[in-house]
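The sequence and coordinates are shown first.

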Amino acid sequence: MTEYTNSHERDLHLIVVRADGSQFRHVHPVLESSTGTWSIPWEWADAGSYRVFTDFTPAGADASALTLTSTVHVSGPFTAMTPQPTRTHLVDGFTVSVAGELMAGSSSELTISVARDGEPVRQLEPYLGAFGHLVALREGDLAFLHVHADGDDPAVDETAGPTIVFAADAPTAGRYLLYLDFKVDGAVHTAEFVLDAASSAVPADAGNAPRSGH
């Protein structure tokens, strides 16, 4: 396949994460149009079992977004991480925090705040068509959640902050791993959170994990 519909400013998103939720990477390979092959230079930093996600929309007016996955095993000794609930992450000099609760079976509002040196960051730059790009995975099977940013798409030279609002749909109760990409001064940073989704009064379909997520 060589023709795609642009989504979040890219034709294809490649997301890789180890089974324990660590080693998250979100990158954008290059398409060789004559063969339909996507490629990117890559180095596995640590051993373990990894899930590889390709998120894309085929060309065509009736095409739907797809997320296809595969598993890669990297040999060598390693100690698996055990994700614990956390709402604040210090990354590259930024303090990033998330407020709001995940509720299984319904849409939940999450507000993420970015600060640096104790001051709110108001220079968030557009990245992939929004002021922040959030990937959310269910612990265990690493199923994608459906997540989208609130508000209109920003202009290329527009800035915002210090908060970004997202709507997230957790299909079941349980623990979820969240990864926020945000851009300041031309550099992209990734903050990570772990949230628990509570059960709702309306039963969720445990087998209905959404196909496409960010």
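## The loop between E13 and E14

Pro162 is placed in the loop between E13 and E14. The model is predicted. A cis peptide bond, with omega of about 5°, links Gly161 to Pro162.

Asp157 is found in the loop between strand E13 (146–149) and E14. The relative accessible area of Asp157 is 70%, and since exposed means over 50%, Asp157 is exposed. In sequence Asp157 and Ala197 are separated by 40 residues, while their C-alpha atoms lie 36 Å apart in space.

Gln23 is a residue other than glycine with a positive phi, near 60°. The loop between strand E1 (12–18) and strand E2 (25–27) holds Gln23. With a relative accessibility of 32%, Gln23 counts as partly exposed.

Leu142 is not a glycine either, yet its phi is positive, at about 55°. Leu142 belongs to the loop between E12 and E13. Is Leu142 buried or exposed? Its relative accessibility is 2%, and because buried means under 20%, Leu142 counts as buried.

## Overall fold

The protein chain contains 16 strands and zero helices. Its radius of gyration is 17 Å, close to the 17 Å that the globule rule gives for 214 residues, so the chain is as compact as a globular protein of that length. The C-alpha trace spans about 50 × 40 × 40 Å along its principal axes. Of the contacts with a separation of 6 or more, 65% are between residues 24 or more positions apart.

Of the 214 residues, 40% count as buried. The chain exposes about 10,900 Å², and carbon and sulfur atoms supply 50% of this area.

## Nonpolar cores

In soluble globular proteins, nonpolar side chains tend to be buried together. In this model, the largest nonpolar core has 28 residues. Those with the most contacts inside this core are Val96, Ile112, Leu124, Leu178, Leu180, Phe182 and Phe193. At least two residues of the core come from each of the strands E8 (94–99), E10 (107–116), E12 (133–138), E14 (163–169), E15 (174–184) and E16 (187–198). Strand E15 gives the largest share, five residues.

Which residues does Leu124 touch, leaving aside those up to four places away in sequence? They are Val114, Phe131, Glu158, Thr159, Ala160, Gly161, Pro162, Ile164, Phe182, Lys183 and Val184. The list includes both Gly161 and Pro162, the pair joined by the cis peptide bond. A second, separate core has eleven residues, among them Ile15, Phe53, Val135 and Phe144.

## Trp38 in strand E4

Trp38 is located in strand E4 (residues 37–39). At 22% relative accessibility, Trp38 counts as partly exposed. Beyond residues up to four places away in sequence, Trp38 touches Tyr4, Asp11, Leu12, Pro29, Val30 and Leu31. Trp38 and Thr2 are 36 residues apart in sequence, and their C-alpha atoms are 9.7 Å apart in space.

Definitions and conventions. Residues are numbered from 1 along each chain as its sequence is written. This is a predicted model: local features need pLDDT of at least 70, side-chain atom pairs count only at pLDDT 80 or more; totals for chains, interfaces and linings use all residues. Side-chain values use heavy atoms; hydrogens and water are left out. Helices (H or I, at least four residues) and strands (E, at least two) are DSSP runs, numbered from the N terminus. The radius of gyration is taken over C-alpha atoms; the globule rule is 2.2 Å times the number of residues to the power 0.38. Buried means under 20% relative accessible area, exposed over 50%, partly exposed in between (1.4 Å probe, protein chains only). Contact means heavy atoms within 4.5 Å. Accessible areas come from the Shrake-Rupley method with a 1.4 Å probe; for residues, only the protein chains shown count as cover. A nonpolar core is a set of buried Ala, Val, Leu, Ile, Met, Phe, Trp, Tyr and Cys residues joined through side-chain atoms within 4.5 Å.
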